[in-house]
Amino acid sequence: MKEGELGRLYSHGEIIFKEGEKGDVMYVIQSGKVKISKNSSSGDITMVTLQRGDIFGEMALFDKLPRSASAVAEGDTRILSIDKKKLFSTIWKDPTVVLKVIETMSSTIRRLSKDFAELKKKKQNMLCGTMDLEETCSFILEEARENIVAAENGSIMLLENGQDRLHIKAAFGEQAQEKLKLAVGEGVAGDVVGTGKAELVNEVLTDSRYKIGSLEIGSLMCVPFKYQGKCFGVLNLSSRRGNRFTLDNLKLLNSFSRYAAIALKNVLCMSDLKHATEEVLKHASILDVY
Amino acid sequence: MLSHGGRSKSDFAAYVSKQALADSSPYALEDGSKIAVVGGGPTGSFFSIFALKLAKMIDKELNITIYDPKNFSKDGPAGCNKCAGIISELLVQTLAVEGINLPDSVVWKGINSYQLHTTKGSVSIATPSFENTIAAVYRGGGPKGIIGEHKESFDDFLLGQAVKEGAAHISVKIEGIEYKNGKPVLFSQGGEIEQADLVVGAVGVNSAKTGIFPDMGFGYEEPRTVKAAIAELSFDEEIITEHFGNSVHLFLLPIKSLKFAAMIPKETYVTLCILGHDLNANSVKDFLDYPVVREVLPKSLSYKFRCRCLPKMNVKAPKIPYADRVVMCGDAGSTRLFKDGLGAAYIMGKAAANTAVLHGVSKQDFQEHYYPVYKNIIVDNQFGSYLYFLADLYKNYGLLTRWMLQIVQEEQSDPEDPKRLSSVLWNMFTGNERFKNIFATAVSLPMRFDLWKAFAKTLVRRR
């Protein structure tokens, strides 16, 4: 440590405290970063990364419960510890000392409330069959982009009932502005929905099937949504750059599309059922009138 | 019928009606109220920072102006506030909790232990947390003729924080304050510069400005002071690392005129601070020639004097530190005896800020909400006097000095030991604890069997 440095130095990856430990010290970051993570069945989940001036470990001081998460240094990090007994004695003399701690706790509660609402929405979307088709498509697309393959643009196109044209149901990037409709066999997406085979096109402009629109793209992946051997839509991920995607990317996206297709088919079935019920009720009420 | 916290409903009703009266009082601060802070040292800055923070929380907008002609970034006496420059572990931690983190550029050295030197030997006392938790700082830009500008003055940093919070700093010397229509008016260079709703006297005892407050006629008298001796010595950095490390070196020597002395390392400098009676220009040289000091600082080590001074220290607080729309804080009010002046500046600056923002600025408001904190320090200093008397006994009588060292050495070598005497000494000289609490621990010590065992050992060794 250098001459003018206060606190204790932790090196990268060093554990400051572990989830479940008893805690009687609170911490203030003097320099560097601290990762707060929680253990779960699928591994450690990072809750938040804190930086200089941030306070952490305050909860165990006030609720006397074991540490709710672990704190680990991210790079060389210097931390000042605040002893519980001394802090409480200061609070007793001047309660306004904890205003900043309350502010920290309040912003943590706000962040958690926001995260909780988002998670609840995601969970509802996944479990509840009453959600609409566009929401499901957006959710699938977001999952593909965040967890499968990163891409600049993406869209989901589906064949609508009784029609042989693909319509965009959800999109991100520049593709979000596109109002493209393709017939089966038309363009790369139309071809994929016709053949049912996933395609990787790394030089799009050289592909004769490519239908030039307002969007400039260099490479494209297109995977089908199939159910019981029948193709009912496609998932497109594209980039301005050529040779952006690999064969492994395509395999991963294709596997993902098999599960996504089941979810989409469920929503479509629920939607059909809802329409059918509405029709029956409409007819029943007409009969009632007569 | 009692509600939670043991207070009756009628108590609560009385509190609510009192608060409602306070809000409508002519002495309550309102949006746009003007506060003049005379003195831009730590007390003035702490007052401004906390008054502005608290006012924002309750949606009140205050206009605070800090008047101080001094430029704290200057080296030597011009920018210095003449102090040892130690920020206690408790203050470092409390400020961090409040959101004021001392940057590396302000801290000249992080301190993690105290080395206690006596004629009977030396012993090291480490911080309980084994961290660098004490900050050695310079109040001004550093010793006279300092080379390089890589470090910041603590007072300048704090004043900057107050300005960031919304205070204005005007480099003007206030020469007089008079009441006009019940409100104080500040004068400078013969002219009126501001009429304020509140004037905070945050002037130091070494400042020429204290005289303006006794002249206001509300009964305030300047605090009683004694002289300390401070010197800045410069060394090669390797010598500081080897001989001082990250420790404050504390000397308890059997010299009647000396209470204690401390050497505080700060990069390539060491601040020597001597406290006692009848200190004069020769006190520093006499101290440095003392054999125990020579062991820490052998004659072969070359050092240079950069600057020295004989600053005044507040040892008795004024009886009347407030009036309607005027409050005196920090060194101009009550401060801690012989230590932790910065800790006292924080406590008193904040107590004045809380009173003014939450209650009002009348004499009655300060009597009810500020004076208890002020009085606490005065009462606590009484216990401090007893403790310094005890420390005098231990340093002046060889047998007691040996006994004290024996116990501390045993405590420090045993990780499981509760380290009672070590913590008494640690708290006594670091400002970590109130004198009253240290006194309570100190008087309970002789009841313990192991202390008497150590005493017997000391007697045997002596024979």
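The model is predicted, so local features need pLDDT of at least 70 and side-chain atom pairs count only at pLDDT 80 or more, while totals for chains, interfaces and linings use all residues. Residues are numbered from 1 along each chain as its sequence is written, with chains lettered from A and ligands numbered from 1 in the order in which they are written.

**α10 against α11, chain B**
- Helix α10(B) (residues 398-413) and helix α11(B) (residues 420-430) have axes that come within 8 Å and cross at roughly 105°; helices here are DSSP runs (H or I, at least four residues), numbered from the N terminus, and axes are lines fitted to C-alpha atoms over the stretch in contact, with angles from 0 to 180 degrees between N-to-C directions.
- M404(B), I407(B), V408(B), E411(B) and Q412(B) of α10(B) touch L421(B), S422(B) and L425(B) of α11(B) (contact: C-beta atoms, placed from the backbone, within 7 Å).

**α11 against α12, chain B**
- The axes of α11(B) and helix α12(B) (residues 435-444) come within 10 Å and cross at roughly 150°.
- The two are therefore roughly antiparallel (over 145 degrees).
- From α11(B), R420(B), S423(B), V424(B), N427(B) and M428(B) meet I438(B), T441(B) and A442(B) of α12(B).

**Chain A domains**
- Chain A splits into domain 1 (8-125) and domain 2 (132-289), with bounds from an automatic or database domain assignment.
- Taken over C-alpha atoms, the centres of these two domains are 42 Å apart.

Key
Two residues are in contact if their C-beta atoms, placed from the backbone, lie within 7 Å. Angles under 35 degrees count as roughly parallel, over 145 as roughly antiparallel, 65 to 115 as roughly perpendicular and the rest as oblique.
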